[in-house]
Amino acid sequence: MGRLGKSLLKLTLLLGLVLAAGLVWREVVVETAARLVLSSSGLSDAQFEVVAVGRSGIVIENVSLGAGLLSARRMRLSYDPADLFAGRLRDLRIEGLRLDLRQARDGTLARLEALASGAGGPWVELPKIVLENAEIVLAAPFGGAIAIDGELDLSGAGLGAVLEIGLDLGHTTAAFTVRSRNLDQGGVAEISGGGESELAGLALPGPMGATATGGRARFTVEGTVQIPAGDAASPRSWLAGALSLKGDLRLDQVTTSAGPAVLSADIGWALGGGDGGLRLELPRSAKLTVQGIAPGTLAALHLAVVDGAAPDFAVELSSSGPVLAWSPRGDGGVAEVAGDLAVTLGDATVEIRVSAKIEHDAAWRLSAPAAIRFRAGASAISLAGAQGSALLGQVDWSGAGSLAPDGEVELHGSLGVKARDVDLAEVKIGAVELHGDVRLRWLQDRWSLAVTPGLTIALEGIAAPGRLEIAEPVLLSVDSLEASGGDALARLELSASASQVSGVLLGGEGKEVAFADAGGRITLVLAPGDRGRGEVRLEDARVTLPGEAVGLSAVSATLPLGAAGDAGGDAAGIVLSGEVRDTGRAARFRAFRIDLEGTRDGETVAVSGAIETLDRMVRLPLKGSADLAAMTGRIKLGPTRIRFRKGGRQPRALSPKLAALRDVAGAVRVSAALELRADGAVRSWMTLRFDDLSARVGDIEVAGLEGTVKFNRLSPLATAGPQLLTARRLTVGVPVDGPRVRFTILPRRRGLAVQIHDAAGELAGGEISIEDARWDSRAKTNAFEVRVRDVAIGRLLRDWQVEGISGTGRLSGLIPVRIGRAGLAVAGGRLDSAGAGTIRVDWGAARETLVAAGEQVALAVDALEDFRYDSLSIGIDQPEDGALTLAIGMAGSNPAVFDGHPIQFNINLSGDLAPILAAVREGRRIGAALLQGGFGGQ
């Protein structure tokens, strides 16, 4: 029994002895003696009425002590007169005993307890006390009452009892039966019973701070409890003896203010104790079911469900023998927890196995870090939120940890995660798999998470709609990952490496750009804040664009994320550098390096830097800007002036495609720009301005090239309408002075197409021109006509330095030219004289040999030494893989031969065009070694 119960028993016994004296002194004497005893104990306000004093007993009614604190409707003390003077009583029966703790004030309860503590003694025996309708009225904050019926057996060596106890707290009612022996000497009490509680209005513990709005709880208990001996028994002494209780808790249709969820449970339990310790176990049959969980309820628990899912979920929690054990140690104790827990949410399941050992002091504070071991698994969990959604197919995490005295929880162990259908608003991932060691720290509303180097993340089916597709698996090796947060804000820093990544970049107008062998190290930093600031850092990144035959390597970048550059703050910095190479078999440009620096202010980005070839021969300044909100941007390259000189910088420093350009001297001014439109399309343009440029390409030389070429797109290359270039001289076998060409480069997906509107120049005092011609690099053959007007024969021969031949007159005509894969071809070219002229041949040392060849040859030799022609025509033919053929026809006379008789000459010459042009270019004479043939005359 408790201290209060024993005090009441002693007080009752005291009153019984006083009343027993009434056998001798009758009612008045009894009442006077009783009041004197109570008054001396500070209870002068005691009220009672002695209604009968007889030989077998005393009856007293309407007892009230302590201003109503303790009262009884009737008390009857039974005895035998012969035994009374021997100190023996039969029993004491109390009807309507009432202890109203609401009336305890001004030390009344303490005075009553002090009076009772001195009652009774070894000189009297009271075998039995019977209580009928006894009641203890509880004070705030409990409210309600405890009803007691039964009897106390005092006849043995110790106190025995059989009591029926009823509990009525308004919302909770219960009934228990207590049977015991030797209560005052540390006996064992048997307890059985149960009750129920209406839960409406009950405040519920937990993170939601909810209140129950309905439902009922039913409970049962049975078992034995060893009662500590002595009045001064401490709470710890209750744990020294045997304790064995078990029972059941049932929850029916419990609803809360947090949402429409309905909770039911059937949980069995068993509590054992002994040797100063306690052990609580839940059998495997324990179940907790929650139906009708709303998404908002889960959000309050920082969980989420897929949008649009039905709110009627069922959660089942089944335990596998959880155990809670406690034992005292010093001023505190040690608690040990172990158990398995399984939770289902629709198709989702969570399984947890945990064990912990906790040491605490007298105030139940941790006196040392508590060791924890755990294993957690989950499957088929659907998540959704403002930032995206995913389905966690499987989660496994096991390891160890600790609980610190300040409340910090630390867990670390091996983690495996498999997820699919990951939707992060702008990026979708078909499957994610993660494996590695993870460390988690949590203290109230602050937490942090870190991984051990070597964690891997495998991603499959990555897609950013309209921007990116990566079909092949991507493997990230995580070097470091740290996340921390508080007040629902989180900071994340991730550093990982990837390799062998291939995919497709999607652009506007249905364009796709494939990339392969992408890799490098990426660092992602997300800082806390409602504007989601952060940055992405790339180190030693690389990527190849096979379709464009372009490779990027040694890429380093720092790119801000979120809304950087808020009002009143500094703009976020941007850094980008890398090397670009042509990976095609026939390289189009030299490898170059790009270096950029800039800032991001809100949704506006501005950068500047340069592009420089790796050999540092050419450097072009660069500026750019972008509007991230509108997804538009522009990059401007140049303007810059590039000077070339013989023996120094040459165009091949820009592109191997320009390697055929030799002996280049002069300057080119370059400027270019790229523009990204909101629909994803890319515009590009470039301007080249030539300033007194000289160069040689094979057998062609140009000097003093001037003009500007404007390109309105770079891929494919195309000019903004007709362009005009001029030069001082163009040497194509023969020098052409003042050439000019007006042309348009037409867009082609591959290759190059040039429309020549007109081209002209001065040739040997006349004109050479081309009109309305087209050259297409992908065509098998390109054909055009070269028109010749009034070319001076004498000057042409001098320019070509034809050995031993001179003349006068002018030629005009048309030369059809075809350029194919095997080279240049002319078919049916013809030049005709515009009138009379002269041809003079100096035979030199060959004259005697030619004259000796015969009369007809001697005649021709004599005639051609000063031939006055009336007409002259030259037929020109050359197959793509054959020799140049000249068919010359002349009609005229030599005044010194046959008295000027008319003569008709037909001369056929042939030779390889390449050495002839080489001789012209090098200033050597064209002689018989280069042109061979024969002639006839009449």
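1. A word on terms before the surface figure: accessible areas here come from the Shrake-Rupley method with a 1.4 Å probe. On that basis the protein exposes about 48900 Å², and carbon and sulfur atoms supply 55% of that area. Please keep in mind throughout that this is a predicted model.

2. Now the overall make-up. The protein has 938 residues, of which 38% count as buried. Its secondary structure comprises nine helices and 54 strands. If you take the contacts between residues at least 6 apart in sequence, 49% of them join residues at least 24 apart.

3. Met 890 deserves a click in your viewer. Setting aside residues up to four places away in sequence, Met 890 touches Ile 839, Leu 864, Phe 867, Ser 871, Leu 872, Ile 903, Gln 904, Phe 905 and Ile 907. Two names in that list, Phe 867 and Phe 905, come back in the next point.

4. On to the aromatic rings. The structure holds two aromatic pairs. One of them is formed by Phe 374 and Trp 397, edge-to-face, at 5.0 Å centre to centre and with 75° between the planes. This pair links distant parts of the chain, since Phe 374 sits in strand β20 (residues 366-385) and Trp 397 in strand β21 (residues 388-403), 23 residues apart. Both Phe 374 and Trp 397 are buried. Phe 867 and Phe 905 also form an edge-to-face pair, with 5.2 Å between centres and 80° between the planes. Phe 867 belongs to strand β51 (residues 867-878) and Phe 905 to strand β53 (residues 903-911), so this pair ties together parts that are 38 residues apart in sequence. Phe 867 is buried because its relative accessible area is 0%, and Phe 905 is buried too, at 2%.

5. Helix α6 (residues 793-800) is worth a look down its axis. Ile 793, Gly 794 and Leu 797 are buried in this helix. Where do the buried residues of α6 fall when seen down the axis? They lie within an arc of 100°, so they line one face of the helix. The cover over these buried residues includes β46 (781-792), β47 (805-807), β48 (810-820), β50 (837-841) and β51. Just after α6, Gln 801 takes a positive phi of about 50°.

6. Next, a histidine. His 360 lies in strand β19 (residues 348-360). Is His 360 buried or exposed? The cut-off for buried is under 20% relative accessible area, and His 360 counts as buried because its value is 7%. Its side chain makes a polar contact of 2.6 Å with the side chain of Trp 326. Beyond its neighbours within four places in sequence, His 360 is in contact with Trp 326, Gly 332, Gly 333, Val 334, Arg 365, Leu 366 and Ser 367.

7. Thr 744 is found in strand β43 (residues 734-746). With a relative accessible area of 10%, Thr 744 is buried. Which side chain does the side chain of Thr 744 make a polar contact with? The partner is His 757, at 2.7 Å. Leaving out neighbours within four places in sequence, the contacts of Thr 744 are Thr 719, Gly 721, Pro 722, Ala 753, Val 754, Gln 755 and His 757.

8. Lastly, Asp 517, which lies in strand β29 (residues 512-526). Asp 517 counts as partly exposed, because its relative accessibility is 28%. Asp 517 and Gln 500 are 17 residues apart in sequence and 4.2 Å apart in space, C-alpha to C-alpha. Their side chains are joined by a polar contact of 3.2 Å. Not counting residues up to four places away in sequence, Asp 517 touches Gln 500, Val 501, Ser 502, Arg 542, Val 543 and Thr 544.

Definitions and conventions
Residues numbered from 1 in each chain as written. Predicted model: local features only at pLDDT ≥ 70, side-chain atom pairs only at ≥ 80, totals over all residues. Heavy atoms only, no water. Helix = DSSP H or I, 4+ residues; strand = E, 2+ residues; numbered from the N terminus. Buried < 20%, exposed > 50% of the residue type's maximum accessible area, 1.4 Å probe, protein only. Polar contact = N/O pair within 3.5 Å; in protein donor to acceptor, adjacent residues only side chain to side chain. Contact = heavy atoms within 4.5 Å. Phe/Tyr/Trp six-rings, centres within 6.5 Å; stacked < 30°, edge-to-face > 60°. Arc of directions from axis to C-beta.
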